[in-house]
Structure formats: structure tokens, C-alpha cells
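Try each task before you read its solution.

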Amino acid sequence: MSDETAETLDKDHDFHYEIAPRRVSFDWDSTPLHWIPDEPTATHVINVLHLLLPAGERWFVKVFKEALPLVRDEAMLRDVKGFMGQEATHSVQHSHVLDHLAAQRLDTSAYTRHVDYLFEQLLGETPPFGLPVSAREWLRFRLALVAAIEQFTAVLGDWVLRADGLDAAGPDPVMLDLLRWHGAEEVEHRAVAFDMFQHCGGHGLPRYLRRAGAMAVTAPVLARLWLRGASYLIHNDPQLGGRLRYSLSEHNRAVAKGLLPTWRELGAAIPRYFRRSYHPSQEGSLRRAVDYLATSPAARAAAGAIGRRAVAG
């Protein structure tokens, strides 16, 4: 079967795959600070994931836990619980990367404190600053934010699975496996947050306006967080010693080499999401994601560990 045919079947919903967490682990002892050799800008633009995801994905799980009593569909409930398990695992593994960066004298705590405040305080269980928003509407808003963020994680996940430029650059294999394992799972559960919002977010035009409004908030906030995060990492990189700053020219040079997704690829995800008929099953290729998970060193090791425990039991 050709890749084009596989993707067509994928988008026609002819291929379903059970969503379940994989208890992976990674050994960071040999991973250099600049894990893409001689490419500090590309390295740190991607490293912003590690700054945002530990707190962000813990927050996803908390929001979904609040909404679980609203789910009336058994198939959706299974997918939501699988999504929560995957996101919790992502959070833990990216936290380990922060520990690895700190061990290499790149302390990220000054930045991640702001990320923690965003998710734990501003977007916590109750509206901040005494805003007069009902509990139901606040939960719907946060579910809509999760769905909008997941639009970008699905796009990034599919990109990293196709990023031949990364392979050509000779990156650290452990970091590349982390990114592709995570990216594959993002494609695998790409529709869960959207479907959860559609299920719990009301009906008709008000539900659509909540979805569109959440994307209108999410896109610029994520862009700002990403650019500030890349600037922070480059500025505080002990191996650079202040000799380099984040710049769009360096970023675009990395894009041209295939080390980062194009601005067009990221930007086009936004108008797609605004279509009334949109569904995230249109993003990427589930078959490509599943194929990678079948070969990922970390995912295979996790599956082997489960099999050994089952035999021993």
C-alpha cells in the first residue's frame, strides 16, 4: 500500500487503534547539550517542548479528570483514559529532560516557574482574580484550550515523524526517539481532546464559538511562550556563553535545513481548525505513527517489560 493510500484510509476513519500509555524510559547519560550537532538554535527551539510540557500535560490530565463525570459514551471514556495515561507519561519523561539540562548547567527553573503559574494558577480549577464565570463554563473553556493545544501537538507530532532533515543532521538517537515516540502518540490520540470538548462543550453555534475562541487565545500565547523559551535557553546555555541570541534568521536557516517545521505548516493548522466541519482525524497519518511505535527503541523496551512481567506473573 502506498503512503498516499494509507493516509487516505486513515483520514476516512477506516483504521482504529487503541489508545494506551506506554511506560517508556530513556537514558540521558550520553546525550549532549546540543543534541543536534552544531545547531544550537534548532536544538533549543525544540527544547522548548521540555519547558512547556511537564506542567502543560499535567494540567491536561487534571482538566480531564474534572470532566470525566460528564462522559456518557463508553468508547470515548476508554479513549479519554488512554489519553490521560499517555499525557501523564509524557509529562514525566519531559521532566527528566529538564533534570538532564540542569545537570549540564542549564537551569530552566526561572522559566518553568512562569509556566507552572500559568497552568496551576491562571488556568486552575477556579477562575482567577474572582472572574464571574460559572464552574461549567470555566471547565468548557479549559477543555476547549486543551483541544486547541492538541491541534498543534498533532501537527508537530506528524512533522517530527517525517523530519528527514533531523536524521541527516546526526542527532542524538535517544532524544530523537523521545521526540518521535511522543509525536507518534500525539498523532495516535489527535482527536481525543477535540471529541471530549465536542461531547462536553455544549451544542450548536455556542459550542463552535467556544472552540474558535480558544484557538484565538491559544495560538498567540503558544507563539509567545515558544519564542521566549527559545530565547531563554539560548541566553542561558553555558556552552554558548552569551555569544548567540535567538534570531529569526537563525530559526529560518534551521527551517530551510529541515530541522524545524515551516511557519506555513504551523500557521495553516489554525484556519483548518476554524472550519465548522473540521475534525482532527484529518491531521497526519495514524499508520505512520503506529509504524514508528512498532520500531521505537523505548516503546519496544516498554512492551518487552510488560511481556516479561506477564510471563513472570
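**Exercise 1: a histidine pair**

The side chain of His182 makes a polar contact with the side chain of His94, at 2.7 Å. Keep in mind that you're working on a predicted model.

Task: Find the helix that holds His182, decide whether His182 is buried or exposed, and list what His182 touches beyond four places in sequence.

Solution: 
- Step one, location: His182 sits in helix α7, which covers residues 173-188.
- Step two, accessibility: the relative accessible area of His182 is 6%. Buried means under 20%, so His182 is buried.
- Step three, surroundings: leaving out residues up to four places away in sequence, His182 touches Leu53, Glu57, His90 and His94.

**Exercise 2: the nonpolar core**

Task: Which residues have the most contacts inside the largest nonpolar core, and which helix gives the most to this core?

Solution: 
- Step one: the largest nonpolar core has 90 residues, and those with the most contacts inside it are Trp59, Phe64, Leu143, Leu166 and Met196.
- Step two: the top contributor is helix α2 (residues 40-67), with 15 residues.
- Step three: zoom in on Trp59. Skipping neighbours within four places in sequence, Trp59 is in contact with Phe119, Leu123, Arg142, Leu145, Val146 and Ile149.

**Exercise 3: positive phi**

Most residues other than glycine have a negative phi.

Task: Say where Asp38 and Arg105 lie, and whether Asp38 and Arg105 are buried or exposed.

Solution: 
- Step one, Asp38: this residue has a positive phi of about 60° without being a glycine. Look for Asp38 in the loop between α1 (3-11) and α2.
- Step two, Arg105: phi is near 70° here, again positive in a residue other than glycine. Arg105 is in the loop between α3 (74-103) and α4.
- Step three, accessibility: Asp38 comes out at 71% relative accessibility and counts as exposed. Arg105, at 63%, counts as exposed too.

Key
Residues numbered from 1 in each chain as written. Predicted model: local features only at pLDDT ≥ 70, side-chain atom pairs only at ≥ 80, totals over all residues. Heavy atoms only, no water. Core = buried A, V, L, I, M, F, W, Y, C linked by side-chain atoms within 4.5 Å. Buried < 20%, exposed > 50% of the residue type's maximum accessible area, 1.4 Å probe, protein only. Helix = DSSP H or I, 4+ residues; strand = E, 2+ residues; numbered from the N terminus. Contact = heavy atoms within 4.5 Å. Polar contact = N/O pair within 3.5 Å; in protein donor to acceptor, adjacent residues only side chain to side chain.
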